[in-house]
Structures are given as C-alpha cells and as structure tokens.
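Visitor: I would like to go through this model and ask what stands behind the terms used for it.

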Amino acid sequence: MDTTTAIHQRRSVKHYDPNHQMSEIEIQELLEQALLSPTSFNMQNWRFVVVTDPEKRAAIQAAAWNQAQVTEASITILLCADLHAHENAERYWVNAPAPVQEMLVPMIAPFYGSNPQLQRDEAMRSIGIASQTLMLAAKSMGYDSCPMIGFDPIKVGEIIQLPENHVIGMMITVGKAIKDANARGGQLPYEEVVFRDSFPA
C-alpha cells in the first residue's frame, strides 16, 4: 500500500477480531518501522511496551475504562519515553564521522539537562511522530489501529513497571478490524487551518 492510500484509509478502529494473532515476525516488522521515526539529536528517546499477556491486558483494560479494544486487538502498545535520554548522548552517534560526533555529542546534555519541561516536550514530540509512523505502517501491513489517551497513566505505569524518569504518551491498539470506523466526524475547512507565511491579521 502506498503512503497516500495508507493516510487516507487509516482510521481509529475500536472493534477487532479477538481471535486474530499477529505473528512475532509481524510484530517485529511493525516496531522496526516505528524505530525509523525521527527524533531530536537522534536521541531515540521513545520506548515501546508491546503487551500481549492476557492478564496484563485485562488489567490495562480495567485502567482504561473497560474499553474493549484493549483486549480484543491483536496487540496493545504503550508508547513511552525516557526523559533522561539526553544523558547518554555518545551512543546516538557511534556510526557518525568523528567531526560530526565531536560537534553534536557535547551539545545534547546541556541543551536538555536543566530543562524538565523541554525534556517532557521532546518526549511527547518523539512519541507523536512514532505513533503516526506505527499506525501508517500497521495500515500498510493490512492492520488497523486506534490511538488512545483514555486510561489512567499511573495505574498503567504500575502494570508495565514503568521505570523512573519515564513517561507514557499514549496507547495504540493494533489488530484486524471486524467493524469499520464511523464516518469522519467533520473536517475543518482547509482555509481555516492552513495559512501561508503567517496567521491572518
């Protein structure tokens, strides 16, 4: 499936075939595509927790207002991020030429180190970019998905043993749809959201 088709056909699906299982090869292929998503300074600060264990998924569903897609989809993915990824700067550029390493690596820790708000903003940016990559990749593989923020992040963090200095950005379910998404609720006019050079006076 080409990218334009995937963009047009990707919808938030909430009803999945609970009997369908994704193979380990498919899961790895899906996540490897998400790992190609860009991040600032190549920090790769996202962390993906793929939940397939039935008990854990049931517990997450309970912490997500019992939304059925959490357990009916083939997999549930928690998109998280390491807020302190900037502290390990040298490993993000190990394959770069020495001059590039010497220029970039010393910049990373000072840029983020004393700014917790920027650390969190960067985490959410990275998660947002990766989430769209993941959903479009899923669609291109013949799967549907649903991005979710309707859950208790503290409870879910406990279930997945979220490490200190990490944050959960969103949850995405992936599986085989058994019911189409509802019709689009209504797109705002192009002219209302796209401007040239500046906002109108």
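Guide: Contact here means heavy atoms within 4.5 Å. The model is a predicted one.

Visitor: With that cut-off, which residues is serine 145 in contact with, leaving aside its neighbours within four places in sequence?

Guide: Serine 145 is in contact with Arg10, Arg11, Ser12, Val13, Tyr16, Met135, Ile172, Thr173 and Val174, once those neighbours are set aside. Serine 145 itself is found in strand 3.

Visitor: Why does serine 145 count as buried?

Guide: Buried means under 20% relative accessible area. Serine 145 has 2% relative accessibility, so it counts as buried.

Visitor: Why is arginine 91 called partly exposed?

Guide: The term covers what lies between buried, under 20%, and exposed, over 50%. Arginine 91 has a relative accessible area of 47%, and therefore it is partly exposed. Arginine 91 is found in the loop between strand 2 and helix 5 (98-113). Its C-alpha is 8.8 Å from that of valine 105, and the two are 14 residues apart in sequence.

Visitor: What makes strand 1 and strand 3 edge strands?

Guide: The open sheet has four strands in the order 1-2-4-3, with antiparallel pairing. Strand 1 (46-51) and strand 3 (144-148) each pair on one side only, and they are the edge strands. From one strand to the next the twist averages 25°.

Visitor: How do you know that strand 2 and strand 4 pair?

Guide: Two strands pair if DSSP finds at least two bridges between them. Strand 2 (residues 75-82) and strand 4 (residues 166-175) have eight bridges, so they pair, in the antiparallel sense. Isoleucine 75 stands opposite valine 174 in strand 4, and cysteine 80 has isoleucine 168 of strand 4 as its bridge partner.

Visitor: How many bridges join strand 1 to strand 2?

Guide: Six bridges join these two strands, which run antiparallel. Valine 50 stands opposite isoleucine 77 in strand 2.

Visitor: What makes strand 2 mostly covered?

Guide: Eight of the eight residues in strand 2 are buried. In a regular strand the side chains alternate between the two faces of the sheet. On one side of strand 2, Ile75, Ile77, Leu79 and Ala81 are buried, and on the other Thr76, Leu78, Cys80 and Asp82 are buried, so both faces are covered.

Visitor: Which strands does helix 2 lie across?

Guide: Helix 2 (residues 24-34) lies across strand 1, strand 2 and strand 4. It runs at about 165° to strand 1.

Note on methods
Residues are numbered from 1 along each chain as its sequence is written. This is a predicted model: local features need pLDDT of at least 70, side-chain atom pairs count only at pLDDT 80 or more; totals for chains, interfaces and linings use all residues. Side-chain values use heavy atoms; hydrogens and water are left out. Axes are lines fitted to C-alpha atoms, for helices over the stretch in contact, and angles run from 0 to 180 degrees between N-to-C directions. Buried means under 20% relative accessible area, exposed over 50%, partly exposed in between (1.4 Å probe, protein chains only).
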